[in-house]
Amino acid sequence: GFDQAVGQALQVHYTVLDAVGQEVAQGQVDGEPVALPPGNYRVRVGLVPELMLEEAQVVSGQTTAVEMD
């Protein structure tokens, strides 16, 4: 119903970009994590205006969390 539609409209999505700017993953903020190979990535958050977060390093065998301030 209405509550579900509002909840879906308020979901914030993100895109993960690799070192050369290619899109390698997408997800929802506070949603399921995405699996990425080790490397350096940037996260683009689908807000208006769009938010680009600092570079995050993904290390093999570890979970990397990216936080928005």
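**Strand E1 and its neighbours**

Visitor: Hi! How many bridges join E1 to strand E3?
Guide: Four bridges join E1 to E3, residues 39-45, and the two strands run antiparallel. Keep in mind that this is a predicted model.

Visitor: Which residue of E3 does Val16 face?
Guide: Val16 stands opposite Val43 in E3.

Visitor: And in which sense do E1 and E2 pair?
Guide: E1 and E2, residues 23-28, pair in the antiparallel sense, over five bridges. Within this pair, Thr15 stands opposite Gln26 of E2.

Visitor: What do E1 and E2 form, and how many residues lie between them?
Guide: They form a hairpin, with five residues between the strands. One of the turn residues, Gly21, has a positive phi of about 90 degrees.

Visitor: Is E1 mostly covered or mostly open?
Guide: Mostly covered: E1 spans residues 13-17, and four of its five residues are buried. Across the chain of 69 residues, 17% count as buried.

Visitor: New topic! In what order do the elements run?
Guide: From the N terminus on, the order is α-β-β-β-β-β. That gives one helix and five strands.

Visitor: Which element has the lowest mean pLDDT, and which the highest?
Guide: Helix H1, residues 2-9, has the lowest mean pLDDT among the elements, at 58, while E2 has the highest, at 94. Where pLDDT is low, the predicted coordinates should not be read in detail.

Visitor: What is the mean pLDDT of the chain?
Guide: The mean is 83, and 84% of the residues reach 70 or more.

Methods:
Residues numbered from 1 in each chain as written. Predicted model: local features only at pLDDT ≥ 70, side-chain atom pairs only at ≥ 80, totals over all residues. Heavy atoms only, no water. Buried < 20%, exposed > 50% of the residue type's maximum accessible area, 1.4 Å probe, protein only. Pairing = 2+ DSSP bridges. pLDDT = per-residue confidence, 0-100.
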